[in-house]
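Work through the exercises below with the model open. Each task is followed by a solution in steps.

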Amino acid sequence: MVKDTKPKLAVYKFSSCDGCQLSILDLEDELLALTGAVEIAFFLEARRKVQPGPYDIGLVEGSISTPEEAERIVQVRKECKYLVTIGACATSGGIQALKNWADVEEYKRIVYASPKYIQTLDTASPVAAYVLVDFELRGCPVNKYQLVEVITAFVAGRRPQIPTYPVCLECKREGNVCVMVTDGAPCLGPITQAGCGAICPSFGRSCYACFGPSESSAAEMLCNHCEKTGTDKPTIVRMLRSFNGYLEPFKQVGDEYERQTVKNH
Amino acid sequence: MKNRVLYTIDKRELDKLIGILVRDGFKVVGPTIRDGAITYEEIESTRQLPVGWTDEQEAGKYRLKRRDDDNLFGYVVGPHSLKKFLFPPKQRLFGIKKSGEDGFVFEARQPEPPRYAFLGVRACDLAAVDVQDRVFKQAMSDPYYAKARNEAIFIAVNCPEPGGTCFCASMGTGPRCSTGFDIALTELKTTFTAEVGSTRGQELIEALEHETTDANTSHLVDLMMDIASEHMGRSLDTNDLPSILLENLQHHHWSDVAKRCMSCANCTFACPTCFCSNIEDQTDLTGEHAERWRTWGSCFTLEFSYHTGGYSRSSPAARYRQWLTHKLASWHEQFGVSGCVGCGRCITWCPVGIDITKEATVIADDYRQSRSRQESASLEEVGS
């Protein structure tokens, strides 16, 4: 490939912890191949030098949580040929979407000495709620091999091979013993998209749904089962409302369980 | 009844047997405790067996319990089967590398399988290998499977105490090993009886301290197996089952199951006969190198039925129906045998405890009852 025709990559940050951007810097073994395949044209966390747009591929980390971000994402969309969201925040609103169920004005009063300086939206939203997104890569944080696969697929002009089936498939390919069956543990693996390599169940812990709902995610069936086997309703609400609680069907099922909790009190 | 010649060996001879197998270059795989269950792993001594342990199994539930004896094989099958050794969950089939302007070269192909000696495997496990033979050796030709399977030694164990989800007696595969083993052991108090199933098995027995089992003990083993057959945790009436299931593809019960089924695919991976896989070609960032991988696949995923125009099984009900009717019905037509060996793994390891014997029985009983009602109604008509 001739050097000056390399596709230009841009990496943007919105409301986030930077963990997904760090996953790019964590590529270590693949970093040279990455810089060989694409021109890193805009990536403030990695280099000060900025090349002007437009860019061929834009990776967006973070949710849209402020009025300024709601405007900036429109600009970002305009300067990128392909827009890929990376991570739970950009794809579901992330952990900060928990404010979507809370009174934001009250939070501002409690947390900040001068709330009047805080410009924030009432909701933290996924990027796709504002602009068209070409591909959404899940995970809190993203899996670096999946990230490489998305960029590789873009460079090669093919579809990324990112499975949408549940974590259980990865988990059992690893030879893990099911924690739901041996411990009765409420594990979110059956309703969560694969991609992490089943890290938590590989260490005997339940899945926390960092990768959000899987294809035809059976959140209702799993929660009904967990309730029958001893998990209380408030715990079920908290299980669903973590990194990806604002994505369906987690949101709907979580809301329903919350309604039932409130009714019982 | 088959006239079986049994040998009696002291339990302590088992370590000698393992030693011989290791010396001869076999990787000995046997049951051992891992993460709260009895799984099949590489072992080197009987000390690694779950001595004095048993398993309590129910739909969606598995617990290890202490026994009041020191039996070496006082449990049934766990989450793993021989499938993970003969048909590994993730396999690199080959790699290719760019060479020159337009050419490419093949890199290392599949690795050679180890020579396995499977110790402590059960009648249902042996039956499952026979089912997979029909897929990987007859219907297609999988060199890795064929080599691993043909070179493997099977030191099986009969099951005098079936588990809570076992129904091998219904499927005609157990609890006594009838074929496919080199040696089949039955555990008694201080000894094993050993039935020989091959010349390799005979050679191994000859290398151990052994004597011919007396008629009384031999009779005792027969009795133990007869009693075991009658104490299965589950049962399934297989009479006309394939045709009944295929005639009831629109039965409302498929949707009832789908209200519980999460399409998580655990049943298909725990099943010792499910053989589906995904083939995936991977390229790297340099564009110089590509690999083809095969991984376990499942008919419970959407991608499984993806084709131009969409998914042919988009509803979980359709996916469960596909799995169950393939396993219990159309498998017969395809491979000349049931796809179910009655091991009960799909029942125990379903996180929400969906039970293949119960679900199939609901549909079959409904059909059998309505047919007998029709028959008696038509008899009344004839009578009147």
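The exercises that follow concern a predicted model.

**Exercise 1.** Find the edge strands of the open eight-stranded sheet in chain B.

Solution. Start with the strand order, which reads β3-β2-β8-β9-β10-β11-β1-β12 in chain B, with mixed pairing. Next, look for strands that pair on one side only: these are β3 (37–42) and β12 (211–212) of chain B.

**Exercise 2.** Determine how strands β9 and β10 of chain B run relative to each other, parallel or antiparallel.

Solution. Take β9 (residues 153–157) and β10 (residues 183–187) of chain B; three bridges join them, and the strands run parallel. Then check one pair of residues: B:Val157 lies opposite B:Leu185 of β10(B).

**Exercise 3.** Describe the hairpin of β4 and β5 in chain B.

Solution. Strands β4 (residues 53–58) and β5 (residues 61–66) of chain B are antiparallel, with six bridges. Within this pairing, B:Gln57 has B:Tyr62 as its bridge partner. Two residues sit between the strands, and B:Gly60 has a positive phi near 70 degrees.

**Exercise 4.** Decide whether A:Val111 is buried or exposed.

Solution. Locate A:Val111 in helix α5 (residues 104–111) of chain A. Its relative accessibility is 57%, and the cut-off for exposed is over 50%. A:Val111 therefore counts as exposed. Together with A:Ile110 and A:Tyr112, A:Val111 makes a nonpolar surface patch of about 330 Å².

Note on methods. Residues are numbered from 1 along each chain as its sequence is written. Chains are lettered from A and ligands numbered from 1 in the order in which they are written. This is a predicted model: local features need pLDDT of at least 70, side-chain atom pairs count only at pLDDT 80 or more; totals for chains, interfaces and linings use all residues. Side-chain values use heavy atoms; hydrogens and water are left out. Two strands pair if DSSP finds at least two bridges between them. Helices (H or I, at least four residues) and strands (E, at least two) are DSSP runs, numbered from the N terminus. Patches are made of residues with over 30% relative accessible area and no salt bridge: like charges are joined within 9 Å, nonpolar side chains (Val, Leu, Ile, Met, Phe, Trp, Tyr) within 5 Å. Accessible areas come from the Shrake-Rupley method with a 1.4 Å probe; for residues, only the protein chains shown count as cover. A salt bridge is a side-chain nitrogen of Lys or Arg within 4 Å of a carboxyl oxygen of Asp or Glu. Buried means under 20% relative accessible area, exposed over 50%, partly exposed in between (1.4 Å probe, protein chains only).
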